[in-house]
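Dear colleague,

I am passing on to you the structure we spoke about, with its sequence, and below it you will find my notes on what came out of it. Please read them with the structure open beside you.

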Amino acid sequence: MKVFDLHCDTIGECYKQQKRLRSNDMHLSLEQLSRYEEYCQVFAIWITDDKRGQTAVDYFDSVADLYYNSVEENADLISVYGSGKNTPVKGILACEGGSACGGTLEGLRHLYDRGVRLITLTWNANNEIGGGAFSEGGLTPFGVEFVKECERLGIVIDVSHLNRETFWDVAKITTKPFVASHSNADIVDNVYGHKRNLDEVQIKAIRDRGGLIGLNFCYDFLQQQEYPGLLSLGEQIRYLLALGCEDVIALGSDYDGCDMIEDLKCACSLENAYNSLLSQGFSKEILNKIFYENAQRFFEKI
Ligand SMILES: [Zn+2]
């Protein structure tokens, strides 16, 4: 079974808790991922909203050092995506919170040089670039320059965590596809009406641009009484398929960044999830797109 996951916070947790990427007691470890035929994982470095300026830059660099040391130490299991090495796990480095650039375009180019290929522009608060899900305001003048430079460099823009205003500013000024790496749909009469979830118009904008939406396994964004456990994941997929998102849906687990629903509590749960979705009536063709092919095609192209 092949998996492509657009978001986890594991490397930052390894840094904070002094755990090892290879083997640990967290949601995700290389040993768990290596049981799959292939596992492409976007590893995000999360910049908390209390870090700005040089503090954010230094924090990013420290965690990125840990990431590359972990890749080097575990070269039997993981390699950098696109390097052509035949390892079970392929890693893509991402940054969750554009503050890691320290508020400058030179800082952004530094992130690119360190291998960042996807940037979640904000976390939940405002930063130098724009407004997060729990704050007001759209893209700042610097944010406009930042987004344009991301497109020029070839860094994928990730709109997860943006508030609606910043989302639409991004949609207006970008020309390339953008993604919501770990966001669910705000569906069923607003039962899922969490500020981190996407509304129908946002979903269609991502679809029309050829982007991706990574399904988040977080309890708060997914679970509801009517559809417990994996049925809630199936409900998300059904809704997105009805909106014509067959080539848009991907996985964005949020492992080691959230409390998961019980049935998706670690990366080793994905085979069960796949089988449960099969029994809910989804075809292998659709599930293979969601679990791997859509994201793989997207990253191949860029
Ligand atoms: Zn997040």
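At what angle do H10 and H11 pack, and how far apart are their axes? In this model, which is a predicted one, the two helices pack at an angle of about 145°, and their axes are 10 Å apart. The crossing of H10 and H11 is right-handed. On the side of H10 the contact is made by Tyr274, Leu277 and Leu278, and on the side of H11 by Lys284, Leu287 and Phe291; of these residues, 5 are nonpolar, none is polar and 1 is charged.

Helix H10 itself covers residues 270–279, and its buried residues are Leu270, Ala273 and Leu277. When one looks down the axis of H10, these buried residues fall within an arc of 55°, so they line one face of the helix. As background, an α-helix has 3.6 residues a turn, so residues three or four places apart point the same way. Asn272 and Ser279, by contrast, are exposed on the other side of H10. Just after the helix, Gly281 takes a positive phi of about 105°.

E1 pairs with strand E2, residues 38–46, in the parallel sense and over 5 bridges; for Asp5, the bridge partner in E2 is Gln41.

A separate point concerns Cys150, which lies in helix H5, residues 141–153. Is Cys150 buried or exposed? Cys150 has 28 other C-beta atoms within 10 Å, and because the cut-off for a buried residue is 20 or more, Cys150 counts as buried. If its neighbours within four places in sequence are left aside, Cys150 is in contact with Ile119, Ile155 and Ile157. Cys150 and Arg117 are 33 residues apart in sequence, while in space the distance between them, C-alpha to C-alpha, is 9.1 Å.

Technical notes:
Residues numbered from 1 in each chain as written. Predicted model: local features only at pLDDT ≥ 70, side-chain atom pairs only at ≥ 80, totals over all residues. Buried ≥ 20, exposed ≤ 12 C-beta atoms within 10 Å, placed from the backbone. Helix = DSSP H or I, 4+ residues; strand = E, 2+ residues; numbered from the N terminus. Arc of directions from axis to C-beta. Axes fitted to C-alpha atoms, helices over the stretch in contact; angles between N-to-C directions. Left-handed = near helix turned anticlockwise from the far one by under 90°. Contact = placed C-beta atoms within 7 Å. Nonpolar A, V, L, I, M, F, W, Y, C, P; charged D, E, K, R; others polar. Pairing = 2+ DSSP bridges.
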